[in-house]
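Please read the following report alongside the sequence and the model.

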Amino acid sequence: MSRQVLLINITRMGDLVQMGALLDRLQQEWPGAAVDLVVDRRFAPVAALLPHLRHVVTYDFHALVDEARVNARDVVTLYRDVAAWALPLTQAGYDRVINLTFNKRSGLLASYIGAPEMRGIAAARDGRVMIHNEWMAYLTDMHHHRRFNRFNLVDIYAWGGSGPGRFAPLSVAVPEAAREWARGFLSRHASSITRWMAVQVGASDVMKAWRPEYFGHTLAGLCKQSDIGLVFIGSPQEAGAIEEATRAYRAAGGRLSPANAAGRTDLVQLAALLAECRLLLTNDTGPMHLAVGVGTPVIDVSVGHVDFHETGPYGPGHWVVQPDLACAPCGFDQVCFHHACKDRVAPEDMAALCRHVLGDGPFPERAGGVRIYESGIDEDGLATYRLRTGREEPLSAWYGALWREIWFQSFTGSRSACPHPPDPPPDLDEALRILTQLLPLAARLESRSQTMTALAGRRPLPAAEIKQAQAQDEKDRANAVDWGLRSPASAPATIALLRDLQSDEGPTLAAMAQARATGFRRWHARLAAVANKLKQFGGKPGRSTQRRPPLIVLAARPA
C-alpha cells in the first residue's frame with residue numbers, strides 16, 4: 001500500500017509554487033505516494049497546476065479569519081464547522097502531515113487531523129505550538145539572523161518535508177487552452193511582435209516594490225535598443241503604479257504602447273501569459289515564482305525587507321538585483337522613512353541587464369550602487385546566488401558561508417561540499433573571545449541538564465536537589481544567552497537554543513528534562529564547530545572578561 005501525505009499550505013500563492021521541489025522529493029522518498037493538499041479556496045487554481053497531487057482540499061480560510069475577527073459567528077460554531085469539514089481528513093489515515101503554514105491556527109488543524117509523523121508546526125498540549133523537524137524549526141529561526149541565512153525556502157520545504165534527494169526545478173503545468181488564450185491576447189495587442197517581456201510594477205507591500213517611475217525609465221531605455229513587446233501583469237490594485245510607470249515610460253521616449261493584462265487574467269491565464277514571455281522583470285511577488293515554474297527567466301528587483309536568499313527565484317537562469325547598502329535587506333519590524341535602497345538601482349543598469357538576459361547585449365559589469373547575482377545550484381544541490389558584480393558586506397558574506405556549512409552538517413549529518421572562505425572573518429579576535437567565554441558555560445549547562453534528567457527519573461523525586469539545580473541553571477542560562485547574542489559566531493545557534501528551550505514539551509518531567517538536555521547538547525556542539533573553524537585562522541582570544549560587546553540587532557518576521 002502506498003504512503004499517504006497531507007500538505008497544509010494556506011496563506012500565499014508563491015508558497016504553493018515553491019512546494020515544487022518538495023512534491024518531487026516525496027516521490028523520490030516514497031515512489032507512488034498519494035499526496036493531498038489543504039489550501040485556501042482562492043489559490044485552488046494554482047494548486048491544480050502543480051504536479052504529484054492526488055487531491056486539492058479547499059476551505060475559505062480568509063473568510064473564517066474575517067468572521068472570527070468581527071464576531072460574525074461565535075467561536076464554538078466556527079470550530080465546529082472546521083471540525084466537520086476536517087473530519088474526512090482525520091479518517092484518511094495519513095502517514096505524514098507537513099504543515100507549511102506557520103501560525104497557531106494551522107498548527108491546531110495539523111494536530112487535529114493527526115498522523116504518526118508530523119513536520120512543521122503542530123499544537124502542543126498546553127496550547128503553544130511545537131515545531132517538528134530541524135529544517136522547519138530553522139525556518140522560524142532564520143528571520144532573527146537573516147544576514148547569515150543562505151537557504152532558499154524551496155530547499156527548506158523539500159529537505160524539511162521529505163529529505164535529501166536530487167535537484168528538481170519548480171514545475172507548473174499550463175493547460176493548452178490557457179496558452180492559446182495568452183497567445184491570442186498578445187497577438188490582439190500587437191500581431192507583429194514576436195518577443196514579449198512581462199513586467200510587474202507593484203507588489204503586495206509597498207516596502208518591497210521598486211519605484212514605478214524607475215520601471216518606466218528602464219523599459220524606455222530597453223526598447224530603444226531591443227525589439228521587445230511589453231506586457232504589464234499584476235492585480236487590479238496595481239493599476240495606479242502601472243499608470244505611473246507608463247507615464248514615465250512615455251516621457252522617457254518609450255516607442256511602443258505596452259499591453260496591460262493586470263487584473264484581466266485569472267491565475268491560470270497569468271501562468272500561460274508568463275510562459276509566452278522571454279523574461280519577467282518584477283519585484284519579489286507570487287507571479288515571480290509562477291514565472292520560474294513555467295521556465296521563464298526572471299530579473300528580481302530585491303528591495304526593502306525582501307531577502308532573495310530566502311525567497312528569490314529558484315534554480316539556474318535567473319537574476320537578482322539588490323541595492324548595495326548596509327541596511328539591505330531591512331528587518332520586517334522596521335519602518336523606513338526614506339526607502340533609499342530603491343534609489344540605488346539605476347534604470348540604465350536595469351535596462352542593460354534586461355538586454356543581456358534577452359541576448360541583446362553584454363552583461364553590465366560596471367553597474368554601480370547594486371549587487372547583481374546569478375542564480376544557480378551549489379555543490380550540495382541547493383539553490384545559490386553567485387555575485388556577478390558589486391561587493392558584499394564582509395561580515396555577512398563570511399558568516400553566511402560559515403553558518404550555511406554548520407547548519408547543513410547539523411541537519412543532515414553530512415559534510416557540506418561547498419567551499420568555505422579561505423580568509424578569516426573581520427571580527428576573528430572578538431569572536432574567539434566570546435566563544436572562549438561561552439564554551440565553558442555551554443559545557444556546564446549540558447552537564448547539569450544531564451544531571452537534572454537523572455534526578456527527574458528517580459523515585460521519589462528529589463525535589464530539593466532539582467530545585468537547587470534549576471536555580472543554578474537559570475543563572476548560567478541567562479549569562480549564556482546574554483553572551484551568545486553578541487556575536488555572529490554564536491547568535492544563530494543561540495536563537496535555535498532559545499527556541500529549543502521553549503519547545504521542551506514531554507509527557508513526564510523526565511522527558512522534558514531530556515528534551516532540554518538535547519537542546520543544550522546541540523548548542524554546545526554548534527558552538528564548538530564554529531570555534532574549531534575560527535581556530536584554524538589563529539587569532540588572539542586573550543583572557544575572558546566580563547566586558548560586553550554590543551548586542552546583534554535581530555529582526556523578526558510576523559506570523
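Which residue stands opposite V321 in β12? It is V301 that stands opposite V321 in β12. This is a predicted model, in which local features need pLDDT of at least 70 and side-chain atom pairs count only at pLDDT 80 or more, whereas totals for chains, interfaces and linings use all residues. Residues are numbered from 1 along each chain as its sequence is written, and side-chain values use heavy atoms, with hydrogens and water left out.

Strands here are DSSP runs of E with at least two residues, helices are runs of H or I with at least four, and both are numbered from the N terminus; two strands pair if DSSP finds at least two bridges between them. The pairings described in this report are set out below.

| Strands | Sense | Bridges | Opposite residues |
|---|---|---|---|
| β11 and β12 | parallel | 3 bridges | V301 and V321 |
| β12 and β13 | antiparallel | 5 bridges | P323 and V370 |
| β1 and β2 | parallel | 5 bridges | L6 and D36 |

**The cavity**

A cavity is a set of points, on a 1 Å grid over the protein atoms alone, where a 1.4 Å probe fits but cannot get out, and its lining residues have an atom within 4 Å of a point. Among the residues lining it are V321, D349 and V370. The elements that give two or more residues to this lining are α16 (347-357) and β13 (370-377), and the largest share, 3 residues, comes from α16.

**The six-stranded sheet**

Elsewhere, 6 strands form an open sheet of mixed pairing in the order β3-β2-β1-β4-β5-β6. β3 (55-59) and β6 (129-132) stand at the edges, each with a single partner strand, so one side of each is left without a neighbour in the sheet. Helix α2 (residues 20-29) packs on the sheet and touches β1, β2 and β4 (contact means heavy atoms within 4.5 Å). Helix α6 (residues 104-113) lies across β1, β4, β5 and β6.

How values were computed: 1 Å grid on protein atoms, 1.4 Å probe; cavity = no way out; pocket = protein on both sides within 12 Å on 5 of 7 lines; lining within 4 Å. Axes fitted to C-alpha atoms, helices over the stretch in contact; angles between N-to-C directions.
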